[in-house]
Amino acid sequence: MAHYFTQPCLHGTEWDVADDMTLMPFRLNETWLMVDAALVREVLGRQTTLTVPHQSRELPGLCAWRGRAIPVLDMAQVLGIDQGKPLDWERTLVVTAEDNTVAIPVTEARAVVRVESERRRPAHVTQHRFSGTEVDADGDVMAVIELASVVQHLVGRGGNERGRATAAG
Amino acid sequence: MAERPQQDSEPAGSGERQVTRREYVVFATSPCALALPANAIASIKRSDERAQGLPQRLEWVLGMRPPAPSDELPTRMISLAGEGDLSFLVPHELAILQATQDELLPLPRLPELEGFAALLMSGGKPHALVLHVDPLRALLEAVPSATSSPS
């Protein structure tokens, strides 16, 4: 991927422009997408998961993160992207939104970038669920995924992650 | 099976930390391994699913997806400790793991995970879902013994 953006973002610097966004580009096989970088807690390698009973295609399993189990979110299924082949899972985005933390398997994640407001526009070229805006990156258009809406839709239905007892029995 | 928590002393800086390990019996069920605290189990016996009057296999009791035809037939009958004769069938493969509290990870609040208490880790990796005992007892009390699979 070429350098589409003016410069990388550094949180807490003088780039405190109200309408600018810090976004993290990531790739699902051949499809580039973006999410609000403020929601990304950590980028890990491929994780070992446990398939759970009654699993859905969107939430197929669990993985461990910082002493707790978190759901694994299949973003391609969520967005309705038919990739025609299994995901080439190389990285894992750990994101927290709406008090819920999930792991998102991805093929590749790039450094956070600052995107000026004029580069964001209502989704037109890209047509994905949970995406109302897109970024024109010098001809390559990437959908900005509304991660909070995704997590709230899939995970928030069961309440937030706090409070489940660990006692077995 | 009697509860056998074990306490190990591990050096931790200037003092010592008491680490309690508890035993869990892990069943090689489908689609994922399930576990129960060893002290919740009264007995593990050989069984045969094709015989009459045997309890249901654990996956069906829990409403999990039916095991594939290639899945191993359950050949172990687990009886729960406590009142009543509550039993279920599990595959042949069993494992007994000792786990510390650090190896029992809390679960996210999801409807799919109701009835499960924790994620049991082994070797630093997710290994099995630990069942809550009381909800399992309630399910077993509600499910009659049968030899035929549910439709």
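## Salt bridges in the model

Over all chains, the count of salt bridges comes to 8. The model is predicted.

## Arg27(A) and Glu108(A)

Arg27(A) forms a salt bridge with Glu108(A). Their closest N and O atoms are 2.9 Å apart. This pair links distant parts of the chain. Arg27(A) sits in strand 1 of chain A, residues 21–28. Glu108(A) sits in strand 9 of chain A, residues 108–109.

Is Arg27(A) buried or exposed? Its relative accessibility is 19%. Buried means under 20%, so Arg27(A) counts as buried.

## Arg119(A) and Glu116(A)

A second salt bridge brings together the side chains of Arg119(A) and Glu116(A). The distance is 3.5 Å, N to O. The partners fall into two accessibility classes. Glu116(A) has 12% relative accessibility and counts as buried. Arg119(A) has a relative accessible area of 22%, so Arg119(A) is partly exposed.

## Asp136(A) and Arg121(A)

Asp136(A) and Arg121(A) also meet through their side chains in a salt bridge, at 3.5 Å from N to O. Asp136(A) lies in strand 12 of chain A, residues 133–137. Arg121(A) lies in strand 11 of chain A, residues 120–122. The pair therefore ties together parts that are 15 residues apart in sequence.

Asp136(A) is partly exposed, with a relative accessible area of 28%. Arg121(A) is partly exposed too, at 29%.

Arg27(A) and Glu108(A) are the pair with closest N and O atoms 2.9 Å apart.

## The sheet in chain B

Now to chain B. Here 3 strands form an open sheet. Their order is 4-5-6, and the pairing is antiparallel. Which strands form the edges? They are strand 4 (41–46) and strand 6 (87–91) of chain B. Each pairs on one side only. From one strand to the next, the twist averages 30°.

Strand 4 of chain B is joined to strand 5 of chain B, residues 74–80, by 5 bridges. These two strands run antiparallel. One bridge can be followed residue by residue. Ser43(B) has Ser79(B), in strand 5 of chain B, as its bridge partner.

Note on methods: Residues numbered from 1 in each chain as written. Chains lettered and ligands numbered in written order. Predicted model: local features only at pLDDT ≥ 70, side-chain atom pairs only at ≥ 80, totals over all residues. Heavy atoms only, no water. Pairing = 2+ DSSP bridges. Helix = DSSP H or I, 4+ residues; strand = E, 2+ residues; numbered from the N terminus. Axes fitted to C-alpha atoms, helices over the stretch in contact; angles between N-to-C directions. Salt bridge = Lys/Arg side-chain N within 4 Å of Asp/Glu carboxyl O. Buried < 20%, exposed > 50% of the residue type's maximum accessible area, 1.4 Å probe, protein only.
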